[in-house]
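Reader: I have a model open and would like to read it piece by piece. Can we go through it in questions and answers?

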Amino acid sequence: MTREFRRQRTSLFTPAPVVHALRGVSLDIAPGERFGIVGESGCGKSTLLRIIAGLDQPTSGVVEVDGVDIARLPERRLGFLREKLQLVFQDPMSSLDPRMKVRDIIAEPLVAQGKRDTLPRVLELLEAVGLQPEAADRYPHQFSGGQRQRISIARALAPDPQILVADEPVSALDVSVRAQVLNLIAELVDRLSLTLVFVSHDLSVVRHVCDRVAVMSRGEVVEIGATEQIYDAPQHPYSRQLVAAAPRLRAALAGRTAADLAADTLAAKERP
Amino acid sequence: MSTPTTTPGYAGSPPPSPDRPAAPADVLRIDGLHVQVGDLELLTDVDLTVRRGERVGLIGESGSGKSLTALSIMGLLPESLEARGSIAVTGVGGRHTQVVGAAERELAAMRGRDVTMVFQEPMTALNPTMRVGDQVAEVMRIHHTVPDRRAAGARAVELLDKVGLPDPAEAARAYPHQLSGGQRQRVVVAIALANDPALLICDEPTTALDVTVQALVLDLIVRGVEARDAGMLFITHDLAVVASVCERVLVMYGGRVVEAGPVHDVFTTPRHRYTRGLIGASDLDLTRPDGRLYTIQGSVPSAGRFPAGCVFRNRCIHATVECESVPPWEGPGPEDGFACFHPVVVRS
Amino acid sequence: MTLPGGLSRLATGLQPASSQRSRRGVSATIAIGGGIVAFIAIVGLLSLVWTPYDPGGIDPTSRLQLSSSAHWLGTDKFGRDVLSLLMAGSRTTLVVGIVAVGVAALIGVPLGIMSAMTTRWWGEAVMRANDLLLAFPALLLAIMLTAVHGQGVVTAMVAIGIASIPSFARVVRSGAIGVMKTEYVLAARAAGRRPLAIAFRHVLPNVTSLIIVQASVSFAIAVLAEAALSYLGLGAPPGTPSWGRMLQEGQELLFVAPRLEVFPGIAIALAVLGLNLLGDGLRDRFDPRLRDRR
């Protein structure tokens with residue numbers, strides 16, 4: 001069995017002033033791969049992710065999941081994709097309906113597929129993400145950010161997907177909780193042999209989680225390659241800037257000041 | 001200076017020292033600050049000093065009380081919150097303000113002149129209906145640091161140039177929405193530095209910015225503070241940013257300062273178990289033998305849900321019965337020490 | 001120094017812990033408004049089983065009497081007891097209000113949600129039609145309907161209901177657009193939920209508070225509209241007790257017996273005041289919670 005995404009010349013136009021959110025993006029993701037997408041706000045990574053998840057359509061181009069082009073399918077024919085691919089969002093507050101109980105939130109993908117008697121599966125999922133069974137009957141606001149993100153992950157895993165797409169899943173979390181959630185994602189991806197697509201603005205987070213990474217800037221993929229390689233020896237000026245600008249604790253303790261950061265960032269931009 | 005009030009019954013907290021007057025170089029001296037709403041204590045016994053030319057970091061997660069500390073210094077606490085203790089500000093020209101209990105008029109004279117602030121969100125910190133040049137000029141006009149309107153306008157353009165906006169004269173006529181996020185934060189920095197304050201408070205100033213822009217804005221802030229020999233209190237959750245910017249650091253958790261010291265010492269040889277855990281959890285290059293990250297168990301409690309005694313004990317694997325009482329502050333002074341019964345290593 | 005938004009955000013960010021508890025109780029506005037509305041409702045119900053006199057009982061021997069122990073609020077030109085008329089009139093007012101608001105909500109809420117959920121042209125078209133209706137004078141609509149269907153309480157209710165549709169559609173649409181932007185709706189789509197399920201399970205529950213507030217405000221407007229229509233002779237027909245009708249019938253005697261105008265006037269003002277207070281109170285109660293959730 002093979003599964004791959006193939007995307008070619010994808011560009012998204014919104015009406016009136018034409019915004020090129022994505023221009024000519026092509027990438028393949030192999031089954032079982034942990035693929036990162038890195039870029040800053042407005043680089044098109046969220047649009048790309050929504051297109052991959054079938055929540056948005058490209059202006060032109062092809063998006064193949066398991067050999068099926070999803071780019072032109074109407075929403076009602078995306079059922080197979082909804083079983084195969086699930087999402088975890090950035091904001092653990094707004095990604096859970098405040099008026100629904102946790103059991104209904106987690107069961108939603110199952111109910112959408114017409115399954116009944118979802119409670120046993122919900123309890124199983126709660127355990128898998130490290131929450132107590134009592135959580136099922138509570139509401140989202142009764143949980144902390146990290147716990148809400150666990151609920152979000154449980155919901156994503158409910159239909160037993162093969163592909164997990166995570167949109168900045170830890171950027172809204174406290175530092176002391178971030179590591180827990182990253183570990184949880186890594187463990188689940190290992191245990192369930194998932195294909196992971198992980199979007200982040202933070203190269204060091206992607207570096208920890210992903211094998212391969214695409215660096216995006218202004219709607220284009222500017223560099224793509226093994227994570228370590230891009231982290232240690234970025235080729236494209238933008239990738240170099242991204243690596244140079246990120247403050248790192250060890251470097252800072254070794255005497256790398258804000259002035260050095262700024263100088264390196266500018267140098268990376270200007271170096272041919 | 002009014003006499004700071006003390007709270008009896010807080011075992012282990014060093015008593016505030018009203019007899020110890022602020023040294024001339026101290027721009028900010030907080031002694032035994034408590035903030036509470038009703039019976040709920042949000043800040044407990046915070047001691048903090050910033051001298052001229054010094055850059056001090058305040059590290060903490062959500063609910064740690066770091067932003068509340070900043071608001072207390074500015075005298076901007078919501079009315080429902082009650083502050084006790086002493087916050088002494090020595091401003092421009094040695095002007096002294098005791099923020100706790102001060103009249104609004106006194107505070108208004110201090111804010112924007114002696115102490116200024118850079119907020120996290122550059123969009124909401126600027127008035128969307130006012131040209132940015134006018135907003136920079138306004139703060140100088142309010143405090144009469146420029147002779148007239150014309151001079152204020154000219155100085156505003158000069159400041160916008162200094163914070164690195166291309167074509168500053170053009171930028172001064174722009175409205176906030178016409179600028180990018182990074183440019184807006186530069187304008188906010190220009191406003192904060194316009195009156196050459198004695199103390200600049202930065203509350204997560206680069207959290208909303210892209211990482212490449214963050215590097216430049218951090219550099220800008222540090223240079224601006226250095227040029228004025230001002231003190232800086234830099235509040236963030238990002239350890240690497242603090243290490244790049246500050247000399248000294250205080251670690252807050254659950255409304256208390258749990259550890260303080262020089263940045264290098266605190267981050268290389270932390271003593272409090274929380275500091276240790278925080279550094280481990282935020283270092284993504286450091287993994288356990290199984291390839292996973294080091295973590296702190298549990299999550300940050302919401303305000304008022306922190307345990308009595310050591311605020312970290314419900315998440316600490318080293319906690320014992322002893323930790324049910326408040327650990328005393330160990331160390332040479334409020335600027336260097338920790339409050340933990342089971343520290344990692346005690347430096348000799 | 002300019003410290004507007006950032007500070008207020010910081011300040012409000014601190015508030016939930018302190019003020020949520022106090023908000024959980026019932027505010028004075030809700031208590032007073034709710035009390036007035038409840039009082040009118042109870043009087044209306046009471047009038048079904050008991051009024052001091054028969055509200056339709058014409059008694060030529062006791063015309064235009066002043067307040068007395070027999071007739072607390074006096075009698076009108078036909079000798080009917082004013083207090084009994086007021087009590088029975090509250091029934092008409094309540095029924096008209098409930099039905100009109102019901103009609104408006106039943107049509108306006110789905111329209112608002114639908115137009116928020118679709119990106120197709122007809123969503124926009126619905127809202128423009130809505131604007132058109134909003135611009136159309138409600139009274140003119142009522143006159144037209146009366147011309148077609150004849151005078152009556154039902155005609156009045158339908159006319160007022162139709163005129164209130166746009167306000168519901170607008171309020172619900174703006175709330176629903178906010179809900180549609182949240183990630184939980186995106187998550188529901190990714191889970192394979194169909195639009196109808198999203199509308200019922202996610203959008204509707206999250207705009208309920210807006211609907212409740214709008215309903216109380218619309219109710220107040222409906223009470224006024226019913227009075228106005230009846231006053232113009234387009235509402236309750238002769239013989240049906242109604243506050244608006246009482247105003248109309250008392251008008252010719254304004255200088256002889258001003259109390260015939262004053263009492264129904266007070267009743268209308270009280271009802272509108274109560275409903276508006278209730279609406280404002282509910283808005284204050286719901287809004288901060290909505291904000292905290294975002």
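Reader: Is strand β2 of chain B largely enclosed or largely open, and how many of its 12 residues are buried?
Author: This is a predicted model. A residue counts as buried if 20 or more other C-beta atoms lie within 10 Å of its own. Strand β2 covers residues 40-51 of chain B. The strand is largely enclosed by the rest of the structure, because the buried residues number 10 of the 12.

Reader: How does β1 of chain B run relative to β2(B), parallel or antiparallel?
Author: Strand β1 spans residues 26-37 of chain B. It is joined to β2(B) by 8 bridges. One bridge pairs B:Gln36 with B:Glu41. The two strands run antiparallel.

Reader: Which residue in the hairpin of β1(B) and β2(B) takes a positive phi?
Author: The hairpin has 2 residues between the strands. A phi near 60° is found there. The residue that takes it is B:Gly38.

Reader: Chain B is divided into two domains. Which element gives the most to the side of domain 1 that touches domain 2?
Author: Domain 1 covers 8-246 and domain 2 covers 252-338. Between them, 27 residues of domain 1 are in contact with 21 residues of domain 2. On the domain 1 side, β2, β3 (55-59) and α8 (239-245) of chain B each supply at least two residues. The most, 9 residues, comes from β2(B).

Reader: Which residues touch the most other members of the largest nonpolar core?
Author: That core has 268 residues. It draws at least three residues from each of domain 1 and domain 2 of chain B. One residue to look at is B:Leu199, whose contacts beyond four places in sequence include B:Val27, B:Val50 and B:Leu233. Those that touch the most other members are B:Val136, B:Leu160 and B:Leu199.

Reader: Turn to helix α5 of chain A. How far apart are its end C-alpha atoms?
Author: Helix α5 holds 13 residues, 145-157. All 13 of the 13 are buried, so α5(A) is largely enclosed by the rest of the structure. At 1.5 Å a residue, the helix should span 18 Å. That agrees with the end C-alpha atoms, which are apart by 19 Å.

Reader: Which element supplies the largest share of the side of chain A that touches chain B?
Author: Here 35 residues of chain A are in contact with 34 residues of chain B. Elements that give two or more residues on the chain A side include α5, α6 (175-191) and α11 (258-270). By class, that side has 17 nonpolar, 13 polar and 5 charged residues. The largest share, 9 residues, comes from α6(A).

Reader: And which element supplies the largest share of the side of chain A that touches chain C?
Author: Now 19 residues of chain A are in contact with 16 residues of chain C. On the chain A side, α2 (79-84), β6 (85-88) and α3 (102-112) each supply at least two residues. That side divides into 8 nonpolar, 5 polar and 6 charged residues. The largest share, 3 residues, comes from α3(A).

Reader: What share of the residues in chain C is buried?
Author: Chain C has 10 helices and 0 strands. Of its contacts with a separation of 6 or more, 71% join residues 24 or more positions apart. The chain has 294 residues, and the buried share is 43%.

Note on methods
Residues numbered from 1 in each chain as written. Chains lettered and ligands numbered in written order. Predicted model: local features only at pLDDT ≥ 70, side-chain atom pairs only at ≥ 80, totals over all residues. Helix = DSSP H or I, 4+ residues; strand = E, 2+ residues; numbered from the N terminus. Pairing = 2+ DSSP bridges. Contact = placed C-beta atoms within 7 Å. Nonpolar A, V, L, I, M, F, W, Y, C, P; charged D, E, K, R; others polar. Core = buried A, V, L, I, M, F, W, Y, C linked by C-beta atoms within 7 Å. Domains from an automatic or database assignment. Expected span 1.5 Å × (residues − 1).
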